[in-house]
Structures are given as structure tokens and as C-alpha cells.
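Please have a look at the model below.

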Amino acid sequence: MAPYYQIRCSVLPMLETMQLLKESHLELLQKTPFWPLLEAFHNGNISELQCKDCRTPIRKITKTFNPKTASFHFGTRAISINTEDISRILGLPQQGDTVQFGHLVYRKSYKSDFTERHFKGIERVNHKLLHGLLLKLLNRKEQTDIEDVVRLTLMELFITFLFTRSHLQLVLVKYCDEFDKLSRYSWAAAVGEFLNKSLKAQSKVEIEGCALLIPLWLCEKTNITQPISGREIIEGNTPSLIRWSLPELNIKMQEITICEIERLFEVQNGIEVEIKPEHENHEGEEEELKKKDTKQKGRELYQPLQKEIVERRKVQKNDYELNVKNNFKDKLKAEVDGEMELIEKDQLDPQIPCTAIQLSPRDDNEVLQVGHQMRLPMEGSGVKVRKQQLDPDFVCNVVPERRKAKEQHAPSDPILTVPTRAIQDPAAKRDEQIIIIVDDSVSEEEKSTRKVKRTRKECFPLERCEIFKLLDDEYQQKVKAFWSMTNPKELFWSGKNASVACEDVKKLIKNTAVASNVIDAFMELLEQKQHQSSVKQSTYISTLCWNYVRMKDARKKGKKDQVQDEVHDEVGLNQLVFDPLLGSMAQSDYIFFPIISKFHYTLLVLNKNEKKWTHYNPSRKRSELHIDPCYEVAKQMHQLTQEWFRITQKEAPRALLKGTKRKKMGKREDWMEVPLSEDEKRTLTWMMDNNIDFKIENDRISPQQDFKSLDCGIFVMYYMNQLSQGLQLEKEITECRMWEFRKNLIKLFLDHENGWKQTSTT
């Protein structure tokens with residue numbers, strides 16, 4: 001069993017913290033030597049997915065660490081992580097004074113106004129304490145509080161990423177307190193010294209320090225994996241860790257042995273040392289190579305044996321099929337009306353297990369078997385013959401399917417049970433066809449006594465639902481009339497791009513989760529309303545666009561299929577997202593993106609006047625220590641849309657000059673030039689004259705649904721309704737308010753010109 005290491009180094013806390021900081025905090029952090037690294041966290045260049053699956057590479061590489069030489073031994077080479085490597089990977093300065101560890105006892109040797117304000121009487125400073133203080137001071141505007149937030153941010157960077165421990169090493173508090181002097185020190189050397197000290201301790205429980213540096217260093221120094229597409233070249237002091245994907249490294253590390261990594265390293269001055277061959281250094285590598293050779297020899301020996309087994313199985317299959325065919329021909333004697341052949345009654349022995357009843361291929365009639373007696377079907381009976389692929393080693397019980405048929409058998413004459421296992425030819429193939437005869441017949445007596453089952457639609461009690469009670473009598477009668485319609489395809493409301501069916505009305509009344517087509521229908525009504533009144537202009541993006549956004553990451557096909565799917569997704573996104581934006585961006589104040597994330601609805605809104613994106617989650621995380629997965633999905637849509645903004649802004653002069661745009665009409669069609677509309681020309685002109693770099697933030701004050709409710713879709717529609725009219729969102733909303741909103745939705749659909757109308761025939 002592989003040893004377990006506790007690795008505290010993580011990117012998640014800093015990803016969360018950097019999204020919470022204000023501009024005043026970021027201005028002070030830019031003056032520190034850690035800003036290139038913090039900027040990567042703030043801009044999202046470092047992600048959670050990028051640093052997942054790092055435990056296995058760390059464990060394999062640390063097993064080769066030699067405490068005597070403070071280097072990693074790969075075969076005959078000893079290679080160490082030097083200060084230059086750390087500076088390039090983390091973007092930290094390598095020149096400066098040495099950071100002194102362990103020379104100060106926090107409570108006795110160092111005191112300041114900062115420590116007296118926040119850590120008076122505290123023995124140990126852990127991450128939970130630091131983050132709680134940071135959240136407490138985050139919204140304060142006094143200069144002292146702003147500086148304290150910067151100090152706490154640096155301390156959180158130390159304890160969660162660079163110098164990780166269960167508690168912050170107390171000497172580092174002094175350096176964070178004097179954050180204006182941090183540029184004097186060589187922080188790259190300090191990170192390397194702290195990590196090497198932890199590796200030299202050879203702890204079997206925990207790796208302290210920046211453990212993520214180890215696999216990132218392996219990516220940087222070898223060609224074991226390739227950089228992330230688009231990040232091959234970085235400029236300035238940007239940390240090179242943004243170039244690498246650790247999940248990809250984890251996959252590569254499982255395909256090769258540790259001793260094979262030796263040849264992957266680039267020869268660079270100052271990092272390569274030849275090691276004299278010693279038995280203790282090569283023992284692990286030799287065993288690993290022996291195992292690999294043994295597996296290869298085993299495969300070579302097994303291949304001819306496997307071919308022989310396949311040939312034998314083919315011969316056995318043919319012989320068995322021939323024997324079965326001959327046996328059935330001998331048993332089929334009697335003919336009924338020249339169309340059906342049955343087994344003689346005297347040939348059926350209840351004591352002998354039978355596997356199937358073979359019918360003539362031309363048989364279209366129906367046969368019934370009760371117990372082991374065969375008889376012709378009654379007139380009007382509903383007996384069916386079904387074929388199914390089953391295991392011939394097992395025998396299926398042939399019994400009546402109807403409950404009434406079971407009750408007809410007296411206790412003194414029970415149904416004979418067929419054994420669950422029959423004696424079979426060992427050479428039998430497991431895909432033999434078996435015919436199962438199911439008794440669906442119903443006698444006349446049963447027909448007269450059977451109760452007619454009511455459908456779900458009839459059993460649904462409208463009068464018991466609170467939302468239905470809130471409706472006026474007029475609307476209650478309309479809903480009842482619609483509910484009694486016999487045509488299941490009748491629509492409650494139909495629009496240009498969406499519709500509301502009977503099942504959607506049922507969900508609205510029962511206070512359960514609504515489908516995405518209801519949200520699309522509501523957006524269509526809001527869009528029509530804004531043209532008829534003086535409310536702010538808005539653009540609504542259909543939820544159908546997520547069919548083309550999510551498929552890209554989930555598909556694993558060949559190169560040809562993948563290219564066709566990407567073209568299909570591009571056409572869908574152009575029709576549902578980018579074309580509506582190009583036609584209405586100039587005159588719209590808001591752009592609404594309903595987000596679908598793991599069966600949960602959230603809302604992404606672009607406020608063009610405030611020049612920012614805001615994500616509204618009706619069930620956001622109560623603790624701010626964890627990243628909201630819905631917010632991560634919203635950031636993907638934000639990144640996708642912003643990329644389209646930049647490309648369109650770049651091509652705007654050419655498009656306006658020609659008066660055309662490039663468009664792909666279908667999956668198999670080529671790109672073609674189509675003329676620009678007047679609205680599209682206004683949008684391109686607006687993009688050329690304005691800054692389109694809109695930042696995204698996660699809303700923290702919007703009203704929340706109850707944790708037991710399924711109202712996320714209703715809340716999203718409520719958010720859109722309020723924001724599109726320029727109204728403020730309330731901080732809290734009761735359940736009764738949501739019932740009222742559902743009631744108004746039903747009335748809105750009924751009152752609309754495309755709503756269902758009751759006629760004299762209904």
C-alpha cells in the first residue's frame with residue numbers, strides 16, 4: 001500500500017480570497033514582490049482543475065529525494081530544485097537578503113500594533129483565524145484596516161501555499177507586518193529552503209512547504225508533458241506555473257517509471273550531477289524494470305494461446321448450434337392449421353428442466369403456457385410472444401403475468417416452478433436466443449370485475465395546491481378546463497422559441513422545479529414587454545446555448561468526429577449567443593445569461609452601464625471558504641463571451657468597411673459573407689469606441705431560496721424581472737412571495753395572445 005502524505009499546499013484559498021479584495025487592497029499588494037503570483041490568482045490564470053491530481057506525482061518524486069545531497073535521484077543523475085527554478089515557476093525574486101526562520105518566538109520577541117490589535121493572547125495563528133479576520137475587515141475603509149487586510153492576505157498566502165503548516169510560522173508575522181520592506185529579501189530561496197527542510201525530515205505523514213512546486217518543477221525541466229494551449233510563451237515576471245496542467249502530468253507519470261525520467265531532463269549547468277552506481281540507489285529501479293520485463297514476456301506468451309482459445313470457441317459454437325438445431329427438428333411434429341408447430345404434450349415432463357419453447361419462424365399467432373401445459377389461445381386474448389437475449393445457463397420461470405391469473409390456481413394444484421439452473425453443454429455460447437412466453441390474457445370474468453385505473457392527470461388534486469387556491473375563480477376555471485383536455489399535445493402557451501406544456505403547468509402549481517423551457521418562455525414575454533413600454537432594453541440568451549457549451553468537454557471521439565462536433569457547436573453558439581449580442585448590444589442595458597449547472601439554475605448578468613458582470617446564485621455557498629461551483633461555470637461563460645468581444649472588436653473596422661460579416665449557415669456549409677444590419681453596425685461602432693473588458697463578480701446580497709425548496713428557476717426569473725425594470729433586489733423573500741410569483745406566471749401565460757383559449761367545444 002502506498003504511503004499517505006498530508007499535503008496542505010492548495011490554490012483554493014487564495015483563489016477565493018483574491019476575488020474578495022477591493023481595489024484599495026490590490027493597489028497596496030502591487031507594491032509587494034508577491035504581486036506576479038497574486039495577480040495570477042486574481043485573473044484566474046491559475047485554476048482548481050489545473051492543479052488537481054497532484055498527489056501521485058508528488059509521492060513518486062519525493063521517494064527519490066536524497067537528504068544528504070538535497071536532490072532527487074533519477075537513475076544515475078541527481079538533480080535539485082535551485083533558486084532560479086523557483087523564481088521562474090512562482091514569479092518570486094531570487095536576489096536579496098536571506099529570510100531567517102525560527103529565530104523569533106512570536107509572543108516573547110516580537111510585538112507591534114498589528115499583533116496587539118488582532119493576535120493578543122493567541123498562541124497559534126491558523127488559516128481559519130486568518131480568513132475570519134480578513135472577512136471581518138474586508139469592507140472597512142479606514143487606512144489601518146486596509147493595510148491590515150493586505151497583511152492578512154500575505155499571511156494567508158504563506159500558510160496555504162508558500163510556507164504551509166498547520167499554523168503560521170511565527171517569524172513570518174514580522175515580515176508581513178512590515179510589508180513595505182518585503183522586496184529586500186530573496187523569497188525564492190526562502191521557499192526552497194523551507195521545502196528542503198521538510199523533505200530532509202523524511203516525515204511519513206506530512207509534506208510542509210510549497211509541495212506543488214515539485215511536480216511543476218518536473219514539468220518545467222522536462223518534456224514529459226506539453227504546456228497548456230495558448231500559454232506556451234509567457235512574458236515579464238508572470239509565473240510559469242500557469243503553463244502546466246497537473247492532471248495531464250499524473251496521466252503521463254502512470255505510463256512511465258521513475259528511472260525513465262532521467263532521459264527526459266534537459267542538460268543545464270548547475271543542476272546535473274553524476275552518481276556512482278550503488279546497490280541501495282538502484283535497488284528500487286531494478287525491481288521496477290524486472291516487473292516491467294516480466295509483464296512484457298507474459299504478454300508475448302499469452303498472445304498465441306489467446307488465438308488458439310478463440311479458434312476452439314468458434315468450433316465449439318458451430319458444433320453446439322448444429323446439435324441444438326437437429327434436436328429441435330426431432331421434437332417438432334404436430335402442426336396446427338399449417339402455421340404453428342407445437343411440442344407434443346406427452347413429451348413434456350414436469351420433472352425435467354426445460355429452457356425454451358421453439359416456435360416456427362413463420363409463426364405470427366400467440367401461444368399461452370400455464371405451468372407446463374400447452375393450449376391454444378382464447379379468442380380475444382392478449383398473449384404475446386417475445387424474444388430476448390438471455391444467458392442459456394439460466395432458465396426463466398414462465399408464469400402468468402396478471403395478478404388475477406395467479407389467484408386462479410388452487411393451493412392444492414400449485415404452479416410448477418422451473419429450476420433456476422439447467423444442465424447445459426459446456427461449449428454453449430452465452431448469446432443463445434430464448435423465447436419467453438408472457439401470459440397477458442384476461443378472462444371475461446376478470447374484465448367485468450376489473451377497476452378502470454385513473455390517469456395521473458385525473459388523480460392530480462388541483463384544489464389542494466396552495467398556488468391554485470391563490471388564483472381567481474376565472475383563472476381556476478380556465479386551468480381546470482385545460483386540465484380536462486383529452487389531447488395531451490395541447491399547449492398552455494406557445495411562442496417563437498419556447499412553449500409551455502401541461503407538465504410545466506403542473507410543476508408551477510405543485511411548487512416543484514420548473515424546466516428550462518419555462519424560463520425561455522418567460523424571457524420571450526419580457527422581451528415583448530420591453531418593446532411595448534419604456535423599460536430598459538435587455539437581451540436574453542436562450543438556455544439552449546448550453547447544449548453547445550457543455551458538449552465540448554464531454555466528448556471523446558476521433559479527430560474527424562471531434563472537428564465536426566466543434567463546427568456544430570460553433571454554429572449553435574453563433575445562432576443562440578453571438579448573433580443576438582451583435583444585433584442588440586449597442587442599445588441594450590442588460591444582457592441576461594441563465595446558467596445551468598448540475599441541475600441548478602443561476603443567472604449571469606452584464607450591466608453595460610456599470611461595466612461589469614454579476615453572478616446571482618439563489619443557493620450560494622453559505623461559507624466563503626469554498627469556491628462556488630456554479631460561479632466557476634459562470635466564469636467559463638464570461639470568458640467565452642469576453643473572448644468573442646475581443647475578436648469582434650478587432651474585426652470591427654474591416655466589417656464596417658466592407659459592410660459584411662462572416663457567417664456559417666450550417667454544419668456542412670462553408671463560411672460566407674452576409675450583409676450587416678443597421679443594429680449590427682451600431683454594435684460594431686459602439687465596440688470600437690468603448691472599453692469592453694468587463695470584470696465578473698459573485699453577488700453576495702441577493703435573496704436566497706429555502707434549502708428544502710426547488711425554486712432556483714423561479715428565483716432566476718424573479719431576478720430577471722426585477723433587474724430588467726431597473727428595480728433593486730430584496731434581501732429576503734418569503735415562500736408566500738414565491739407562490740405569488742408562480743400564480744402571476746400562470747396568469748401571464750393565460751392572458752397572453754398566444755395563451756390557451758377555451759372554446760365552446762372544450
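Does Asn66 count as buried or exposed? At 18% relative accessibility, Asn66 is buried, a class that means under 20% relative accessible area, with exposed being over 50% and partly exposed in between (1.4 Å probe, protein chains only).

A word on the basis of these values. This is a predicted model, so local features need pLDDT of at least 70 and side-chain atom pairs count only at pLDDT 80 or more, while totals for chains, interfaces and linings use all residues. Residues are numbered from 1 along each chain as its sequence is written, and side-chain values use heavy atoms, with hydrogens and water left out.

Back to Asn66, which sits in strand 2 (residues 65-66). Strands here are DSSP runs of E with at least two residues, helices are runs of H or I with at least four, and both are numbered from the N terminus. Leaving aside residues up to four places away in sequence, Asn66 touches Ser71 and His73; such a contact means heavy atoms within 4.5 Å.

Now to the charged side chains. Side chains of opposite charge can pair when their charged atoms come close. A salt bridge is counted when a side-chain nitrogen of Lys or Arg lies within 4 Å of a carboxyl oxygen of Asp or Glu. Across the whole structure, the search finds 27 salt bridges. Here are some pairs to look up in your viewer.

| Pair | N to O distance |
|---|---|
| Lys681 and Glu678 | 4.0 Å |
| Lys695 and Asp693 | 3.8 Å |
| Lys743 and Glu740 | 2.5 Å |

Lys681 and Glu678 share helix 26 (residues 678-689), where they are three residues apart, about one turn of the helix. Lys681 is partly exposed at 30% relative accessible area, whereas Glu678 is exposed at 52%.

Lys743 and Glu740 are separated by about one helical turn, because they are three residues apart in helix 28 (residues 735-751).

For the pair Lys695 and Asp693, Lys695 is exposed with a relative accessible area of 53%, while Asp693 is partly exposed at 43%.

Which residues are linked with Glu84 in a network of salt bridges? Asp85, Arg88, Glu220, Lys221 and Arg243 join Glu84 in that network.
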